[in-house]
There are 2 protein chains.
Amino acid sequence: MIPQKGSAEDLTSTAVEQKIAEQPALSNGHPNFHSNGANGASTLPGLDASKLIITRADPTVRPVPDEATACSGTETICTDHMITCSWSISTGWSAPELKPYGPLTLMPTASVLHYATECFEGLKAYRGYDGRLRLFRPDLNAKRMLMSTLRISLPGFDPAELEKLILALVAVDGPKWLPRSRPGSFLYLRPAVIGTQPQLGVQAPKEALLFVTASFMARLDAPSGGMRLHTNPDDMIRAWVGGFGYAKVGANYGPSLLATNAARERGFGQILWLYGPEGYCTEAGASNFFVVWRTKGPEGRLQLVTAPLDDKLILDGVTRRSVVELAREKLAGELEVVERKYTIDEVIEANKEGRLVEAFAAGTAYFICPVSQIRHRDYDVHIPMVKGESGQYTSKIKGWISDIMYGNVQHPWGVVVDEQQ
Amino acid sequence: MIPQKGSAEDLTSTAVEQKIAEQPALSNGHPNFHSNGANGASTLPGLDASKLIITRADPTVRPVPDEATACSGTETICTDHMITCSWSISTGWSAPELKPYGPLTLMPTASVLHYATECFEGLKAYRGYDGRLRLFRPDLNAKRMLMSTLRISLPGFDPAELEKLILALVAVDGPKWLPRSRPGSFLYLRPAVIGTQPQLGVQAPKEALLFVTASFMARLDAPSGGMRLHTNPDDMIRAWVGGFGYAKVGANYGPSLLATNAARERGFGQILWLYGPEGYCTEAGASNFFVVWRTKGPEGRLQLVTAPLDDKLILDGVTRRSVVELAREKLAGELEVVERKYTIDEVIEANKEGRLVEAFAAGTAYFICPVSQIRHRDYDVHIPMVKGESGQYTSKIKGWISDIMYGNVQHPWGVVVDEQQ
């Protein structure tokens with residue numbers, strides 16, 4: 001949709017919100033409607049899971065590795081199939097395909113290889129203790145993917161159709177790759193959209209590819225001794241107000257690797273990304289970050305604190321949102337949930353005064369991962385661990401979410417996959 | 001090289017400078033030395049142009065398009081060959097290849113497709129009026145490429161070897177694709193490095209690919225009526241202090257497309273990227289930006305002003321640097337060259353007071369492109385054009401650089417290619 005001429009806001013990130021509102025599932029618009037940042041609306045075919053073309057892989061070609069070796073190599077092991085769907089500005093979205101997993105072919109001039117016209121999502125499929133296979137709130141991932149896609153000037157789509165495609169892949173590959181004999185385990189699902197137009201001009205791609213893979217990923221939520229964080233150096237920040245820290249675009253990740261590597265060489269797991277001269281705590285690596293502390297003063301109220309979303313510095317994490325919602329529901333009266341800006345100095349002060357109770361990272365990859373240490377400049381914050389593991393609130397919250405994921409409780413957030421047997 | 005434990009600076013962008021200093025051509029170190037952000041030094045094979053393996057394309061397969069149609073399609077037309085060279089952390093740089101231009105094969109899990117582990121360069125090969133083929137200061141592109149590569153946690157190399165590989169490609173494809181019958185024309189050269197490791201963990205890639213293509217690109221330096229700029233909206237900025245605006249990494253480009261597209265829909269060519277509440281002028285689209293103005297007061301000295309490099313917000317452009325150096329040399333006494341922070345309000349004030357003389361964008365793609373208008377919020381700066389074209393200083397500087405590129409003068413910046421006939 002061509003922005004209306006008028007205020008400067010039309011040029012801005014609010015343009016993304018406008019474009020999201022224009023997508024069919026959210027606006028009840030024309031079902032074939034899609035839009036692209038460069039080129040406005042059209043009535044070309046939209047993403048449509050009902051058109052899925054299925055080409056089965058030979059199931060004997062790719063064996064399922066045992067759990068010990070599934071993540072031990074330098075290459076991610078994917079399942080038998082992947083979803084792909086191409087788009088062009090002149091023909092819209094093609095019929096999606098579920099087909100044997102294999103390489104992509106891109107011209108050396110493809111947009112994604114030069115201009116980071118790429119975004120992705122991460123979610124998991126969980127084999128429940130009840131034998132069923134579930135996704136966790138996949139609608140949130142699909143909607144965020146649409147937002148990221150539009151932010152990076154790739155074509156829009158109906159997020160409900162993406163969700164159906166993800167479910168289709170899991171339905172086909174789940175029974176073999178996440179067998180009932182492995183309750184409590186998961187596969188990692190990676191939807192992505194990339195700009196494929198073979199054109200070196202710096203412009204919104206006129207061709208794109210959406211794809212979804214399912215793969216093994218190591219469990220990262222219980223590192224020995226807890227996650228150790230190092231704050232970023234003063235002269236390297238992850239995201240900024242007016243940037244794109246809230247979108248899951250590739251451009252947030254590659255540039256962060258240098259600081260992360262240096263921190264790892266010092267024995268730390270991730271960077272705690274601070275923002276601004278005040279040193280606001282934002283994200284821990286590529287996860288959201290939470291602390292539990294007691295407020296100052298005689299009353300000493302317990303608070304679960306995390307950075308807010310309104311300045312668009314951080315990702316609106318599905319795990320983050322679930323933590324906030326569950327803690328508000330289940331810990332009401334016991335612990336207050338606060339989304340606000342807070343600084344590393346506040347964390348250090350709480351630590352010095354014995355008010356810092358727990359800290360954890362929250363995200364799909366690291367799930368709920370207890371944090372045991374934060375190094376900021378020359379100061380070390382050591383955070384209490386119970387028996388070398390999570391603190392009690394971290395454990396409780398993790399347990400509640402885990403129960404939903406693995407079917408120990410029935411909950412609307414746990415979306416059961418109708419597996420093809 | 002593992003950073004020394006010590007100050008926080010070891011974790012930062014100064015790490016890039018350390019790594020650059022470790023490269024062989026710049027440090028006189030071991031010739032096979034290379035390093036990678038994740039993994040420190042090794043003595044595995046470095047990038048070595050003397051190992052180039054040449055596989056010739058059938059020259060009848062790809063015809064050279066006429067100049068009118070070479071850039072008219074939605075796909076960049078490349079020459080017969082490309083350079084590729086793969087790297088892995090366990091085997092170092094492979095022997096580079098010069099081979100028929102064609103698609104790349106990447107796994108869907110390749111790092112570059114998800115985390116923007118990618119960087120590139122842009123330079124041109126010029127067919128001179130003296131019949132010879134030249135590059136313009138390719139050593140600067142090669143060195144900047146090394147800096148960008150290390151900033152994005154891809155493997156280092158000797159920039160002199162990259163320069164040799166670029167020259168090899170132009171030597172082979174120049175005679176056919178940039179024939180002597182087309183003096184005053186150019187090919188666009190695009191070296192790039194991408195992370196190819198098929199691994200979804202957020203980490204420095206353990207496999208990478210360097211490639212170089214040569215292609216047609218439209219002339220962009222003389223848009224009808226001059227380049228029209230629109231300042232960025234308040235809530236969207238290109239780069240930030242502590243970020244990576246100085247590196248030619250993909251992550252600087254994709255996120256800028258949304259604002260650029262919206263500006264184009266309003267009839268503007270590029271965004272003039274302002275920074276901070278002060279509104280400092282930084283870049284014009286993906287080019288550097290210059291203004292010529294007279295200072296206030298009775299003396300009214302002429303100044304050529306452009307943003308400084310020291311805060312690392314902007315690219316250290318080869319054209320920018322050449323403009324600064326030539327203007328200092330050839331316009332001494334007539335015009336003062338100033339690299340300093342300056343705001344859009346200063347530009348507007350100069351315009352209102354009749355002191356604004358000229359403005360232009362400077363870069364490889366747009367070369368020296370006169371700017372005729374800047375819209376900032378509701379205010380339009382109209383910049384004088386001479387007969388609808390460049391102002392006199394813009395024309396003079398453009399002429400000097402063009403003369404070097406196209407061999408009207410012999411100059412060390414014009415590197416003659418030894419063509420294979």
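## Helices α4 and α5 of chain B

In this predicted model, α4(B) passes α5(B) in a right-handed crossing. Helix α4 of chain B covers residues 138-151 and helix α5 of chain B covers residues 159-177. Their axes come within 8 Å and cross at roughly 125°.

Which residues of α4(B) and α5(B) meet? On the α4(B) side they are B:Pro138, B:Asp139, B:Ala142, B:Lys143, B:Met145 and B:Leu146. On the α5(B) side they are B:Pro159, B:Leu162 and B:Glu163. Sorted by class, the contact of α4(B) with α5(B) has six nonpolar residues, three charged residues and no polar ones.

## Helices α7 and α9 of chain B

Two packed helices are described by the angle between their axes and by the distance between those axes. For helix α7 (residues 318-330) and helix α9 (residues 392-405) of chain B, the angle is about 110° and the axes are 10 Å apart. That angle makes α7(B) roughly perpendicular to α9(B), since the range for this term is 65 to 115 degrees.

From α7(B), the residues in the contact are B:Ser322, B:Val323, B:Leu326, B:Ala327 and B:Lys330. They meet B:Ile397, B:Trp400, B:Ile401 and B:Ile404 of α9(B). By class, the contact of α7(B) with α9(B) has seven nonpolar residues, one polar and one charged.

## Helices α7 and α9 of chain A

In chain A, α7(A) packs against helix α9 (residues 392-405) at an angle of about 110°, and the two axes are 10 Å apart. As a result, α7(A) is roughly perpendicular to α9(A).

A:Ser322, A:Val323, A:Leu326, A:Ala327 and A:Lys330 are the α7(A) residues of this contact. Their partners in α9(A) are A:Ile397, A:Trp400, A:Ile401 and A:Ile404. The contact of α7(A) with α9(A) divides into seven nonpolar residues, one polar and one charged.

## Salt bridges

Side chains of opposite charge can pair when their charged atoms come close. How many salt bridges does a search of the whole structure find? Over all chains, the search finds 40.

One salt bridge joins the side chains of A:Glu325 and A:Arg137, at 3.1 Å from N to O.

## Where chain A meets chain B

In the contact between the chains, 86 residues of chain A touch 86 residues of chain B. Together the two chains bury about 7,100 Å², and 61% of this area is on carbon and sulfur atoms. The count of salt bridges between chain A and chain B is zero.

A:Gln203 is in the loop between β11 (186-195) and β12 (207-215) of chain A. Apart from neighbours within four places in sequence, A:Gln203 is in contact with A:Gln197, B:Leu257 and B:Arg264. A:Gln203 and A:Leu44 are 159 residues apart along the chain, and their C-alpha atoms are separated by 21 Å.

Conventions:
Residues numbered from 1 in each chain as written. Chains lettered and ligands numbered in written order. Predicted model: local features only at pLDDT ≥ 70, side-chain atom pairs only at ≥ 80, totals over all residues. Heavy atoms only, no water. Axes fitted to C-alpha atoms, helices over the stretch in contact; angles between N-to-C directions. Helix = DSSP H or I, 4+ residues; strand = E, 2+ residues; numbered from the N terminus. Left-handed = near helix turned anticlockwise from the far one by under 90°. Contact = heavy atoms within 4.5 Å. Nonpolar A, V, L, I, M, F, W, Y, C, P; charged D, E, K, R; others polar. Buried area = accessible area lost by both parts, 1.4 Å probe. Salt bridge = Lys/Arg side-chain N within 4 Å of Asp/Glu carboxyl O. Parallel < 35°, antiparallel > 145°, perpendicular 65-115°, else oblique.
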